[in-house]
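Open your viewer and get ready to select residues one by one. Each stop says what to pick and what is there.

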Amino acid sequence: MAAVTSPETSPQPRVYFQTPGGTKEEPEIPVRKQGRVTVKYDRKELRKRLNLEEWIIDQLTDLYDCEEEAIPELEIDVDELLDMPSDVERGARVKDLLVECFKPTEDFVSELLDKIRGMQKLSTPQKK
């Protein structure tokens, strides 16, 4: 309900808002919710994955000697690599993906395998 003061009691009219009778409003404390992605996955693991993906893009631009947009269409799926039982199979898979690259890829492959060692898959966790 709004109440307006009369012009005789105040030089400027004021409007007051009142809460409905009988209810007492608590001040709302804003609660910062985590984003969906950071609730499902560990923030550190997401940061590692992002850093790895940025590193991969940098390395591929060097290997293909081009800008990021001109890199041939290939997908290095880290989760797929993590599913493989050995580094030999992982290395073979990455080399298969880089078959069109004319520069030596051995250093890239070995560094990539070092970087993914110990990483976790980003599969959706089961609800408890």
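Select K115 and W55. The charged end of K115 sits over the W55 ring, 4.9 Å from the ring's centre. Keep in mind that this is a predicted model.

How are two aromatic rings described? A pair is described by the distance of the centres and the angle of the planes. Here the ring centres of W55 and F108 are 5.4 Å apart and the planes meet at 15°. Planes under 30 degrees apart count as stacked, so W55 and F108 form a stacked pair. The count of aromatic pairs comes to one.

Now colour the helices. Where do the two rings lie? W55 belongs to helix α2, residues 43-63, and F108 to helix α5, residues 106-116. The pair therefore ties together parts that are 53 residues apart in sequence.

Is W55 buried or exposed? W55 is buried, with a relative accessible area of 14%. F108 is buried too, at 3%.

Show the side chains of α2. Which residues of α2 are buried? They are E45, R49, L52, W55, I56, L60, T61 and L63. An α-helix has 3.6 residues a turn, so residues three or four places apart point the same way. Then show what covers the buried residues of α2: α3 (78-83) and α5 are included.

Last stop: D65. This residue follows α2, and its phi is positive, near 50°.

Key. Residues numbered from 1 in each chain as written. Predicted model: local features only at pLDDT ≥ 70, side-chain atom pairs only at ≥ 80, totals over all residues. Heavy atoms only, no water. Phe/Tyr/Trp six-rings, centres within 6.5 Å; stacked < 30°, edge-to-face > 60°. Helix = DSSP H or I, 4+ residues; strand = E, 2+ residues; numbered from the N terminus. Buried < 20%, exposed > 50% of the residue type's maximum accessible area, 1.4 Å probe, protein only. Lys NZ or Arg CZ within 6 Å of the ring centre and 35° of its normal. Contact = heavy atoms within 4.5 Å.
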